[in-house]
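Here are a few notes to read with the model open beside you. Take them one at a time and find each spot as you go.

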2 protein chains.
Amino acid sequence: MIDRFEVGDLQGPIFNIDEDTDVEYDAIFIGGGAGGRFGSAYLKARGGRQLTIDRWPFLGGSCPHQACVPHHLFSEAARELDLARTLSGQLFYPEFDESRASILDLVNLFKSGRNSAHAFMNWQSKEQLGMEYILNASATVIDSHTVEVAGRRFTAKNLVLATGSSTVLLDLPGIDLPGVFDYATIIEDLDYDPKSCVIIGGSKVAIEYGSFFQAAGCQTTILTRSPLMATKSLHHVDEDVRQYVVKGMRDRGMSILEGAQPIAVIGTDRVTGVTARLADGSTVDIPCDMVFMGTGERANSSHFVEVLGVEVDDRGSVIVDDHMRTSVPNVYAVGDLIGAPMEMFKARKCGVTAARNIMGEDHSFDFTEYPDFLHSTYEVTWVGLSEVEARAKFDEVIVIQMPPPGVPHGDIPLPCAEGTMMLAFTYPEKTGFQKAIFDAKSRKLVGIHHVGFGAKDSFQYLDYLIHRTEGLSIDQLAEMNELFLNSGHFIQLSRLRAGAMELSSL
Amino acid sequence: MIDRFEVGDLQGPIFNIDEDTDVEYDAIFIGGGAGGRFGSAYLKARGGRQLTIDRWPFLGGSCPHQACVPHHLFSEAARELDLARTLSGQLFYPEFDESRASILDLVNLFKSGRNSAHAFMNWQSKEQLGMEYILNASATVIDSHTVEVAGRRFTAKNLVLATGSSTVLLDLPGIDLPGVFDYATIIEDLDYDPKSCVIIGGSKVAIEYGSFFQAAGCQTTILTRSPLMATKSLHHVDEDVRQYVVKGMRDRGMSILEGAQPIAVIGTDRVTGVTARLADGSTVDIPCDMVFMGTGERANSSHFVEVLGVEVDDRGSVIVDDHMRTSVPNVYAVGDLIGAPMEMFKARKCGVTAARNIMGEDHSFDFTEYPDFLHSTYEVTWVGLSEVEARAKFDEVIVIQMPPPGVPHGDIPLPCAEGTMMLAFTYPEKTGFQKAIFDAKSRKLVGIHHVGFGAKDSFQYLDYLIHRTEGLSIDQLAEMNELFLNSGHFIQLSRLRAGAMELSSL
């Protein structure tokens, strides 16, 4: 029913356009990733006419091809591998067999399957969403109303730029050696099983891929300038959460060198190590057979600067207003192309915002506040303020956390629920950590944080309740109908305190 | 810091009461399980004085001792075992070793660890919540203001009855043979590794324990009168969800005999089989070395009927109004003792409701609508209407589901997120199922259903948004900030349709 294809096998452009009508489109979306595809779908649903162009033969962009989807596969593998190691030889878990743990196997598994997501995206966009698109062809912008693709010119009232971002490659000696990868090239090019890795940078990607590499038996070192999870690109990270996560990574054997800087990638034919300057000023050579770039991303904006003269900031991100309008009339930009946060919700909603404005609405999108997550071998999720931020903002703050302050985690296998039940009865200190922060005066939830499994989905709704309604009070939480056990024990714990007129911590 | 103890080692009552003051309590809670403990905490927080009595040496009741907690451990083991079998010999999973799969090991693991939860409950109730309690002692009600426990009499303005429920034991020949268990006795008494099991009844417990037994290598047959998940005790189950779950159980090797009735348990010294009448009227003997009762629960009300004369219904559940008041003045009843749904949220909130009314508030609790879940090897979660119910109620209904109707699941590894990523790239048809149902006219979400992992927590908030606010529209869903990938793909899928004035299914 859905036509499968192999990305590499396709030659020439894929046209899915209505050739009968020669129109000026309402918008041409340059880039059919998260922002371009969702913007296109919304514009079409609003009755507009769009054309979406992508250099790849599929819609959906880097997410299903090289980014969020493989990341989630690898993070799930990391969780399963971690459990298999932790419980090795106990219960139904056999002695862990190092020889079976393979990064390459999982990369190849992903590559063998990603085409089904690509095929589905194309099918859904065409059949369910009625989109017009040209794929497997690069778009060249001629002017703010004209785009050339596959030798043809198309005109539109508006352009929506949505070409995303790429990894920042540091200007380091040896950076071009075989064995240096980023999240994209590791998918495309990995052809051996690395046994030791140095990650340069301390981004989310560094934490996520590093945790996976370590779990898959590849001894991993992270070189990071800032403490992990304390970079300014991650806002509202609670210090207790940070410490639990980073300690968990170290306990699992990772080497995390904070305040460190890479000096050179070493190797002749291929990578054999990294020279780094450590926090104490000393210089070391760290041997490894893989280097992974975890330094973050930069917008793919140069073509638009050159042709259209769109304004960009000092990192090259296209500058837009809250309607996604660039400095050039009728030209919008969305997604990673406009800079941080480089997250799916933002990319997609930017696309929708552009579409709504193009279709005549006056619609703005403010993404200063949002829920956030990352994976170590855990899911780590948060929204709202950290405890430190809350205490700076409110006179009286109460905290409901698990385990409670001062109680040794080994005494209390909480929080636990799906995902940590096996650990609760073997290594209670590995069951995770959670914290909810309330302004005692208004009784409102102002921040909520979770390390474990199964709570990530709910943080989307918690974000909505905290930020899009009049707020969520401890009394409203206490009135909810929990599904017990639950990953975030927030509802029932709130209920234990909500009876009091004067709130206190738990 | 938290005193550990072994339940069986404790002799005599545990007193944690303020002996200095001779008071009439505001309430004595008879039973310190979910309802009794949360009611007590709330009453205490409101400034009341309570005494909580339990026959067990710990607070928290059956949940951490024999019910929800072991169920969650077993369901997690079922998920892990299922993955280890499904991916046996692939990737990092070794060939599955049947000899390691053991129900008994997991029962023993649970028993070895449950005391830490008990110790924590006592510690929290005493140190954090300031409760007074007498444990390890049975309460005898003398009259509606007087309770005798451990040879002493205590008086209170109100009684709150919270003694829960027990498995219904059918009046079947052979039912007393060794090898017949329910969820409680399997924890206490199992001393061998069953290799084949017949489950009598089709309750949630039957589905959950049956899925665990099967995953642990015990060939399991469920004998059920009604189709699984179609009993009247489970409301709002969507038929597509039901079929996906039941097919999944059958595909994993379970035998599910619907329309069947047990006639006798067979065996001389111990269970060797069950005689059943099948749907076609024929009679068969099903050999097995374990029988498990999955027939549901009945309230432990007889003492209260006898002494206080509280009114009960035809199943023995104590009848209460929406304030949790029984037919006897100043006597409240809460939790499983008042009948279905026998769920944690209801028990705890019943306790809180009694406490609030006792402390002078006029507070009612309506639990006709609530989110619900069960485990097979999946988490199955739902809230609001099924599609059939929605179509009966509204003129125009649209459905957003994954996979979409008519698309073979093998073509599309969706829904997928944490918990199903390993399956998405190996057995896409095993990634689960999801459905959101909207009233097209009001654009509001009226039902939402999920089979997979990681969505359960969010259904607590979805229940709140659907039932406690003015409702949640597809437009509000589309405006949320998703954390991608997410277990319930509802936000981003809603966004693909929300642009349209006339909604259509996806």
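**Notes on backbone and charges**

1. Let's start with a loop in chain A: N136(A) sits between β4 (133-135) and β5 (139-143). Its phi is positive, about 60°, even though N136(A) is not a glycine. Most residues other than glycine have a negative phi. Keep in mind as you look that this is a predicted model.

2. N330(A) also deserves a look, with a positive phi of about 65° although it is not a glycine. You'll find N330(A) in the loop between α8 (302-308) and β18 (331-333) of chain A. Buried, exposed or partly exposed? N330(A) has 36% relative accessibility, so it counts as partly exposed.

3. Next, the peptide bonds. Most of them are trans. The one from F484(A) to L485(A) is cis, with omega near -10°, and L485(A) lies in the loop between α13 (474-479) and α14 (490-498) of chain A. Over in chain B, the bond from L414(B) to P415(B) is cis too, with omega near 0°. P415(B) belongs to the loop between β21 (397-402) and α11 (421-424) of chain B.

4. Now for charges. How many salt bridges are there over all chains? The structure holds 54. One of them pairs R79(A) with E80(B), with the closest N and O atoms 3.0 Å apart. This pair crosses between chains, from helix α3 (residues 68-86) of chain A to helix α3 (residues 68-86) of chain B. R79(A) is buried at 9% relative accessibility, and E80(B) is buried at 3%. Both belong to a salt-bridge network that links E76(A), R79(A), E80(A), E76(B), R79(B) and E80(B).

5. R356(B) and E479(A) form another salt bridge, with their closest N and O atoms 3.3 Å apart. R356(B) is in helix α9 (residues 344-358) of chain B and E479(A) is in helix α13 of chain A, so this pair joins two chains. R356(B) counts as buried, at 12% relative accessibility, whereas E479(A) is partly exposed at 21%.

6. Stay in chain B for R49(B) and E132(B), whose side chains meet in a salt bridge (2.6 Å, N to O). The pair links distant parts of the chain, 83 residues apart: R49(B) is in the loop between α1 (34-45) and β3 (50-53), and E132(B) in the loop between α4 (103-128) and β4 (133-135). Both R49(B) and E132(B) are buried.

7. Last stop: D322(A), D362(A), D366(A) and E369(A) form a negative surface patch. D366(A) is in the loop between α9 (344-358) and β19 (372-375) of chain A, and it counts as exposed because its relative accessibility is 53%.

Terms used:
Residues are numbered from 1 along each chain as its sequence is written. Chains are lettered from A and ligands numbered from 1 in the order in which they are written. This is a predicted model: local features need pLDDT of at least 70, side-chain atom pairs count only at pLDDT 80 or more; totals for chains, interfaces and linings use all residues. Side-chain values use heavy atoms; hydrogens and water are left out. Patches are made of residues with over 30% relative accessible area and no salt bridge: like charges are joined within 9 Å, nonpolar side chains (Val, Leu, Ile, Met, Phe, Trp, Tyr) within 5 Å. Accessible areas come from the Shrake-Rupley method with a 1.4 Å probe; for residues, only the protein chains shown count as cover. A salt bridge is a side-chain nitrogen of Lys or Arg within 4 Å of a carboxyl oxygen of Asp or Glu. Lys and Arg count as positive and Asp and Glu as negative; His and the chain ends are not counted. The place of a charge is taken as NZ of Lys, CZ of Arg, CG of Asp or CD of Glu. Helices (H or I, at least four residues) and strands (E, at least two) are DSSP runs, numbered from the N terminus. Buried means under 20% relative accessible area, exposed over 50%, partly exposed in between (1.4 Å probe, protein chains only).
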